[in-house]
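Biologist: Before we go into details, could you show me the structure, and then take me through how its features are read?

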Amino acid sequence: MSAVAGWGGLWGAGSSGGASSYVSILIPKFVYRPATVTIVSGVLDQITFGEGGSALTATVAPGTYAWGALAQMIQVALEGAVGAAGDYTVTYSLTTRMYSLTKSAGTFTLDYSAGARDLLPTIGITADKSGAL
C-alpha cells in the first residue's frame, strides 16, 4: 500500500486480495459561527452594566451585523446609555472569536444574565465581569 501525506492527515490506497483499502483523512475540528447576527428590538438586545453606581442599560439598535460591526454597535450603545459617563472600546477578534469590552478609566462591570433581553451570552460572555482602571 502506498501512502501520501496530505492536508489534515494521511491518505493511502492499496490492495489486499484484490480489494482496495483507504486511510481516512483527518480534518481539524471546525466550530461554525454564522457570518452575521440579527438583533431584534426587544429580544436579546440589551447589556446591563455599571460604572460604580446603579445599574445602567445599553440597548443595541436592531439590525443584521457582521460580528465586527456588532462590536461597533455595542460600543455606541454603551456610550449612549442613559447615565453612562465613560469612553468605551469594543473589539472583536477574528482569530479568537472573542469580544473585548473596555472602559478608558474608572470602574466597569458587566452583569451577565441580568434580564430576559441580555445580549452578553450571545457574544460569548457567560459570567459577571468587573474591573477598575
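Biologist: Which exposed residues does the face of α1 turned away from its buried side carry?

Modeller: Bear in mind that this is a predicted model. A residue counts as exposed when its relative accessible area is over 50%, and as buried when that value is under 20%. In this structure, the face of α1 turned away from the buried side carries Gln72, Val76 and Gly80 as its exposed residues.

Biologist: Which are the buried residues of α1, and where do they fall when seen down the axis of the helix?

Modeller: The buried residues of α1 are Trp67, Leu70, Ala71, Ile74, Ala77 and Leu78. Seen down the helix axis, these buried residues fall within an arc of 125 degrees, so they line one face of α1.

Biologist: Turning to the backbone, which loop holds leucine 44, and what is its phi?

Modeller: Leucine 44 is found in the loop between β4 (36-39) and β5 (46-50), and although it is not a glycine, it has a positive phi of about 50 degrees. Leucine 44 is partly exposed, its relative accessible area being 38%.

Biologist: And what is the phi of arginine 97?

Modeller: Arginine 97, which is not a glycine, has a positive phi of about 60 degrees. Arginine 97 lies in the loop between β8 (88-93) and β9 (98-103), and at 33% relative accessibility it counts as partly exposed.

How values were computed: Residues are numbered from 1 along each chain as its sequence is written. This is a predicted model: local features need pLDDT of at least 70, side-chain atom pairs count only at pLDDT 80 or more; totals for chains, interfaces and linings use all residues. Side-chain values use heavy atoms; hydrogens and water are left out. Buried means under 20% relative accessible area, exposed over 50%, partly exposed in between (1.4 Å probe, protein chains only). Helices (H or I, at least four residues) and strands (E, at least two) are DSSP runs, numbered from the N terminus. The arc is that of the directions from the helix axis to the C-beta atoms.
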